[in-house]
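This report describes how parts of the structure shown below touch one another.

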Amino acid sequence: MATKRVSGSEAVILSLLEEGVDTIWGYPGGAIMPIYDALYDYDQQVTHILTRHEQGAIHAAEGYARVTGKAGVCFATSGPGATNLITGLADAQIDSIPLVCITGQVASPLLGTDAFQESDVVGITMPVTKWNFQVTQAEEIPEAIAKAFHIATTGRPGPVLLDIAKDAQFAQFDFEYKKCTKIRSYLPEYPVDPFAVKDAAELIDAAKKPLLLFGHGVILGGAEAELKEFIEKTGIPAAWTLLGLSALPSDHPLNVGMLGMHGNYGPNIKTNEADLIIAVGMRFDDRVTGKVSAYAPNAKIIHLEIDPAEINKIIKADVAVLGNAKKSLRLLIDNVKPNKHEAWLNEFRECDKIEHEKVIDKDLYPTKPGLTMGEVVRIASEKTNGDAILVTDVGQQQMIASRYFKFKQSRSNVTSGGLGTMGYSLPAAMGAKIGRPDRTVFAMAGDGGFQMTIQELGTISQYGIDLKIIVLNNNFLGMVRQWQQLFFEKRYSFTELKNPDFVGIAKAYGLEAAKVTSRDQLADAIQKMLDHKGPYLLEVVVEKEDNVFPMVPAGASVSDILLEP
Amino acid sequence: MKQNYIITIFSENHIGLLSRITIVFTRRKINIDSLTVSESAIPGIFKFTIVINETKDRVEKVVGQLEKIVDVIKAFYNTEDEMIHQEIALYKVSTELLYESDKIEKIVRNSGARILEITREYIVIEKTGHKDETQQLFEELAPFGVMQFIRSGRIAITRSIIEKLSEFLKVRDSLLEQVD
């Protein structure tokens with residue numbers, strides 16, 4: 001490849017183009033101005049979206065990464081620009097989202113001098129990045145960016161951060177780009193061990209009550225087809241973690257629902273009756289396991305996992321199959337015998353009936369006057385035929401939406417799982433829509449979370465990002481209030497909100513908006529929102545003190561799941 | 001049950017890596033009792049020797065997290081008796097004491113320590129050994145007055161014939177080839 005003499009800043013843009021980057025989210029400032037100046041000449045090759053806050057930029061990059069499978073890219077300046085990325089980095093780190101973040105830094109002679117807008121970004125971001133690196137010479141840029149993409153997107157993905165000193169952005173050098181494919185100290189994934197697969201297959205063939213649990217690893221590994229083929233061949237019921245949602249179509253007969261604290265009744269109860277748990281690309285989060293010592297007491301555990309540090313971290317595996325879920329499942333499919341577990345599966349259907357009677361029907365088809373979050377989710381889902389992308393925030397609406405929204409395609413559910421980041425949905429939905437402009441994208445938030453990143457309405461308006469925003473307003477920090485009601489004797493300590501006129505705010509930003517307060521307006525209002533070309537905000541006033549059930553109380557076993565208070 | 005474990009980490013020599021490594025311990029509120037870092041027998045590869053007092057379960061998990069660090073090549077853990085380990089200690093005592101009686105000389109001789117430097121004012125004694133041995137010498141010298149004392153972090157070597165890392169690197173190379 002011929003070299004070209006360019007500035008460090010131009011090298012950043014050229015390197016990103018070499019990696020196939022089409023969208024950058026960011027916010028300029030002093031220490032990153034040379035890079036923004038270089039970007040000015042490349043506006044035909046790459047889209048830059050100016051958010052209203054760096055947190056908006058990084059969550060948008062996360063949303064983009066979640067729906068496309070590509071690394072999300074964002075820019076921020078030094079100091080406060082960089083520190084505003086921290087929540088997003090921590091979110092991406094715990095949810096394994098590939099991100100490449102580039103921050104400007106003060107010129108290298110000023111490092112460590114408390115210069116204007118200097119902060120130790122490499123130091124601060126170390127615990128929340130898969131890898132980070134400070135660039136002080138322009139010559140380091142192409143190699144650092146190549147490494148960044150390799151590390152962010154391979155193995156168990158995660159966020160990486162490059163901190164580029166301003167003098168390195170200005171310096172001229174001979175640019176040449178070479179993709180990174182191998183790092184001596186970094187093994188992205190283990191090749192699948194055929195002996196481990198054989199051991200796993202023996203357990204699977206012998207099991208009478210097997211249950212498969214799938215997580216984000218199935219989506220990250222592109223193993224959706226293999227998952228479906230595996231369960232169809234073995235007849236094993238499959239339950240999902242919050243981040244595994246949408247990897248298997250909602251209406252698949254072997255899809256038995258969500259695991260964990262606000263998951264479905266069947267998969268929680270049956271976890272403790274199963275004689276075999278096959279965990280695929282999931283990490284036994286405490287919200288999934290409940291009380292670990294009482295978890296799946298009758299089951300052998302098979303753990304298919306790409307990250308060796310997850311094996312035996314929470315739940316001891318009888319058979320661990322290290323490697324990419326797609327490859328592991330493929331080998332497993334070839335090694336297991338066809339089977340059916342009709343009687344076992346029927347037990348899940350029985351549980352489902354009980355849950356419908358006690359919880360679901362009341363949530364989805366309420367008869368009391370106040371609107372439920374469940375009916376809003378149901379109508380939004382029905383009107384888009386399971387083809388929409390759903391981006392949720394954190395709290396009650398997140399759990400309700402995850403329980404009731406229907407999905408046909410993978411990479412359609414975007415939510416902050418591990419970190420539980422309020423304010424995630426609006427910016428992440430911007431990323432999802434830019435990543436998949438062909439799909440309807442819902443941004444769903446409660447009145448609390450929505451106000452944490454409400455300023456991104458400005459970004460949505462400026463770029464005409466066609467989002468369908470649903471604010472479920474109960475004038476409370478609903479999930480915290482629910483816990484206060486159930487576990488703190490209804491002492492509603494600082495959870496009630498006096499809210500602004502959301503419709504007025506949306507309109508002030510130039511968005512169409514409407515507010516619904518009663519059931520007879522709801523379906524039409526959602527239809528009107530969907531028919532509208534362009535971004536639209538719908539505020540739905542829901543029952544103030546509704547609770548999310550079922551619920552595994554904190555510290556209880558999954559089989560102690562409550563269907564009602 | 002908690003006991004002393006020696007964690008050995010082989011890594012690239014990259015800026016900031018020490019910080020990334022200590023974060024793994026800090027996050028779990030594990031105190032590091034001893035830490036030494038230097039270049040290993042393989043040029044360019046650095047070796048960290050870290051001593052902590054922990055349960056086996058926690059040590060295993062810490063090692064798993066250490067190996068996730070991109071610049072870490074491999075981490076091992078061993079109990080103390082699985083490795084040969086040493087620390088070095090330096091003691092400064094007044095030269096006058098040496099002339100006053102033969103007690104210091106006897107202590108030095110019996111402990112297998114040696115004298116590194118003698119000036120008019122002080123002598124510097126060097127002793128290598130386990131921590132309890134260097135501590136014992138300190139306590140024996142203390143009544144006479146130790147002007148300064150310093151002990152190094154621990155270094156440790158396995159009882160196997162060759163460096164575990166060289167075997168590991170061979171396997172790693174073939175694994176890196178296998179993964180596309």
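## Domains of chain A

In this predicted model, the centres of domain 1 of chain A and domain 3 of chain A, taken over C-alpha atoms, are separated by 30 Å. The contact of these two domains draws 24 residues from domain 1 of chain A and 25 residues from domain 3 of chain A. According to the domain assignment, chain A holds domain 1 (4-175), domain 2 (194-347) and domain 3 (369-541).

## The side of domain 1 that touches domain 3

On the side of domain 1 of chain A that touches domain 3 of chain A, two or more residues come from each of β3 (47-50), α3 (54-68) and α5 (86-95) of chain A. The largest share of this side is that of α3(A), which gives 11 residues. Sorted by class, the residues of this side of domain 1 of chain A are 8 nonpolar, 11 polar and 5 charged.

## The contact between chains A and B

Where the two chains meet, 20 residues of chain A and 21 residues of chain B take part in the contact. The side of chain B that touches chain A receives at least two residues from each of β1 (3-12), α1 (17-27), α2 (56-68), β4 (72-79) and α6 (164-178) of chain B, and α2(B) gives the most to this side, with 5 residues.

By class, the side of chain B that touches chain A is made up of 8 charged, 7 nonpolar and 6 polar residues.

Key. Residues are numbered from 1 along each chain as its sequence is written. Chains are lettered from A and ligands numbered from 1 in the order in which they are written. This is a predicted model: local features need pLDDT of at least 70, side-chain atom pairs count only at pLDDT 80 or more; totals for chains, interfaces and linings use all residues. Two residues are in contact if their C-beta atoms, placed from the backbone, lie within 7 Å. Helices (H or I, at least four residues) and strands (E, at least two) are DSSP runs, numbered from the N terminus. Ala, Val, Leu, Ile, Met, Phe, Trp, Tyr, Cys and Pro count as nonpolar, Asp, Glu, Lys and Arg as charged, and the others, Gly among them, as polar. Domain bounds come from an automatic or database domain assignment.
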